[in-house]
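Look at the model from one end to the other before reading on. The paragraphs below start with the overall fold and then turn to single residues.

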Amino acid sequence: MKQTMQRDWRVSRPSRRPRVAFDQTTALGGLTVALFAYIIYHFIYPLISKGLLF
């Protein structure tokens, strides 16, 4: 049997960690903020600007 060296395809130097990790929690938080902004802009703000809410 022929002696062969096992190839290691991993990078020998450690990779840098990303500054911002975009995971499921970040995505859900962003969607929640976007939904609240949509509700406020399209429903609450017109009522305030017309003087119907306050």
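Helices here are DSSP runs of type H or I with at least four residues, numbered from the N terminus. This is a predicted model, and its secondary structure comes to 1 helix and 0 strands. The helix, H1, takes in residues 24–49. Just after H1, Gly 51 has a positive phi of about 80 degrees.

How far apart are the end C-alpha atoms of helix H1? They are 36 Å apart, and this agrees with the 38 Å that 26 residues should span at 1.5 Å a residue. H1 also has a kink of about 35 degrees, and the kink is centred on Ile 40.

Next comes the surface. The chain has 54 residues, of which 0% count as buried. A nonpolar patch lies on the surface, with about 1000 Å² of accessible area together; among its members are Leu 35, Phe 36, Tyr 38, Ile 40, Phe 43, Ile 48 and Leu 53.

Ile 48 lies in helix H1. Its relative accessibility is 40%, so Ile 48 counts as partly exposed. Tyr 38 has a relative accessibility of 46% and therefore counts as partly exposed.

The last feature concerns rings. The structure holds 1 aromatic pair. Tyr 38 and Phe 43 form this pair, with 6.3 Å centre to centre and 80 degrees between the planes. Planes over 60 degrees apart count as edge-to-face, and the pair of Tyr 38 and Phe 43 is edge-to-face.

Conventions: Residues are numbered from 1 along each chain as its sequence is written. This is a predicted model: local features need pLDDT of at least 70, side-chain atom pairs count only at pLDDT 80 or more; totals for chains, interfaces and linings use all residues. Side-chain values use heavy atoms; hydrogens and water are left out. Helices (H or I, at least four residues) and strands (E, at least two) are DSSP runs, numbered from the N terminus. Buried means under 20% relative accessible area, exposed over 50%, partly exposed in between (1.4 Å probe, protein chains only). Rings of Phe, Tyr and Trp (its six-membered ring) pair if their centres lie within 6.5 Å; planes under 30 degrees apart count as stacked, over 60 as edge-to-face and the rest as tilted. The expected span of a helix is 1.5 Å times one less than its number of residues. The bend at a residue is the angle between axes fitted to the seven residues ending there and the seven starting there. Patches are made of residues with over 30% relative accessible area and no salt bridge: like charges are joined within 9 Å, nonpolar side chains (Val, Leu, Ile, Met, Phe, Trp, Tyr) within 5 Å. Accessible areas come from the Shrake-Rupley method with a 1.4 Å probe; for residues, only the protein chains shown count as cover. A salt bridge is a side-chain nitrogen of Lys or Arg within 4 Å of a carboxyl oxygen of Asp or Glu.
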